[in-house]
Amino acid sequence: MNMKGHNGRCPCRACYIIGVQISAEGNKNHTYYVPLSRGPPRISYDATNLPLRTHAQFLADAHRVETAPTTAEANSLATECGVKGTPILSALSSLEFPTSFPIDFMHLIWENIVKNLILLWTKNFPALAHENSQPYHIKKTVWDAIGEATAAAGSSIPSAFGSRVPNIAKNRGDFSAEAYSIWTLFLGPVLLWKFLKKPYYDHFVDLVTLLTVCMRFELTPTDVRFIRDGFVKWVQRYEELYYRSDTHRLPVCTINVHSLLHIADSIEQCGPVWAYWCFAVERFCGSLLRTIRNRRFPFACLDRRIRDIAQLDQIKVRYNLSKILDLSLRGQIKDRGTCINNCKSGWLLAVSRFLRSNQII
Ligand SMILES: [Zn+2]
């Protein structure tokens, strides 16, 4: 999209909300944060009526930056409007800026919002690591116990719910987006009960309710209204609980928290969140990565792999060989595994590199 992101004064890709920087002397953090209410003088944005960007405005901003008489003026304009120049994809008439670029639910929720909440609760949020005791802090001993309970829960959760979730206190480095998703939706509300103080716990459970609705396969207009109104209330409450209009706490008002207010727009414009979240493309990239056998010529390996997949797909279609040429994991399992008592839904397999250590088939 050729945007400045959190380094622009209008850091949001979807609207013209103006960012605020930490004004303390000697501050080296130039990130723009986007609380709904800020001041003095006290100004508050109406979360139900944000100043949305339009395609025409977006391209006009880009044009202004590109035709600025000097580089310094171009840079200043880019910082002001958040657009660095005309995006190359704008050459495609089928795309609209910013509506053709919905918010990626996977990174927004599982890799940002939930991660940051955990950092706040465990006193590890970078900008507030030195703060005094806060009502939302969870004691280290309690958090360690929550971590152990998380790991132990894997033994009694059917694999249909997803991969086994590691110890959240000790092995957060091993957490994938899928693990954050399972922990938040199924384990968090139980494990945090009574250990996260009431307003914060209720606020977290409200988030889980909203996320559960967002992840539905199909959504009705009533669901989208629920998501829109729900995130408005959730973000306002978030600012009351974690930001408290305190300039020192500004870093909790990240662009990601603000982006929650645009999820309903993305759903209305591009469909349910699963239709464009990054799980699919990351899995595809992961499968390509494993094909790189040569460090000196990685791109040749990638090119050959993509060409081979395309050729194989064509052969399958042309000669009706989809089953015989099925090289997927499931196909290999059927070839290598032992089927017990003709039970077609399950195979016994020797441990191999095809299986993740925690995967049960
Ligand atoms: Zn916005």
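The model is predicted.

**Ring pairs**

The structure holds 16 aromatic pairs. A pair of aromatic rings is described by the distance of the centres and the angle of the planes. Two pairs are set out here.

| Pair | Centre to centre | Angle between planes | Type |
|---|---|---|---|
| Trp183 and Phe204 | 6.5 Å | 45 degrees | tilted |
| Trp234 and Tyr238 | 5.6 Å | 25 degrees | stacked |

Take the tilted pair of Trp183 and Phe204. Trp183 sits in helix 5 (residues 177-191), while Phe204 belongs to helix 6 (residues 198-214), so the pair ties together parts 21 residues apart in sequence. Trp183 and Phe204 are both buried.

The pair of Trp234 and Tyr238 counts as stacked because its planes are at 25 degrees, and planes under 30 degrees apart count as stacked. Both residues lie in helix 7 (residues 221-243). They are four residues apart, about one turn of the helix. An α-helix has 3.6 residues a turn, so residues three or four places apart point the same way. Trp234 and Tyr238 are both buried.

Ring pairs also build a cluster, which links Trp234 and Tyr238 with Tyr136, Tyr200 and Tyr242.

**Helix 7**

Helix 7 has 23 residues. At 1.5 Å a residue, the helix should span 33 Å; its end C-alpha atoms are 32 Å apart, which agrees. Just after helix 7 comes Arg244, with a positive phi of about 55 degrees.

**A charge over a ring**

Arg53 lies over the face of Tyr16. The distance from the ring centre is 4.6 Å.

Key
Residues are numbered from 1 along each chain as its sequence is written. This is a predicted model: local features need pLDDT of at least 70, side-chain atom pairs count only at pLDDT 80 or more; totals for chains, interfaces and linings use all residues. Side-chain values use heavy atoms; hydrogens and water are left out. Rings of Phe, Tyr and Trp (its six-membered ring) pair if their centres lie within 6.5 Å; planes under 30 degrees apart count as stacked, over 60 as edge-to-face and the rest as tilted. Helices (H or I, at least four residues) and strands (E, at least two) are DSSP runs, numbered from the N terminus. Buried means under 20% relative accessible area, exposed over 50%, partly exposed in between (1.4 Å probe, protein chains only). A charge sits over a ring if NZ of Lys or CZ of Arg is within 6 Å of the ring centre and within 35 degrees of the ring normal. The expected span of a helix is 1.5 Å times one less than its number of residues.
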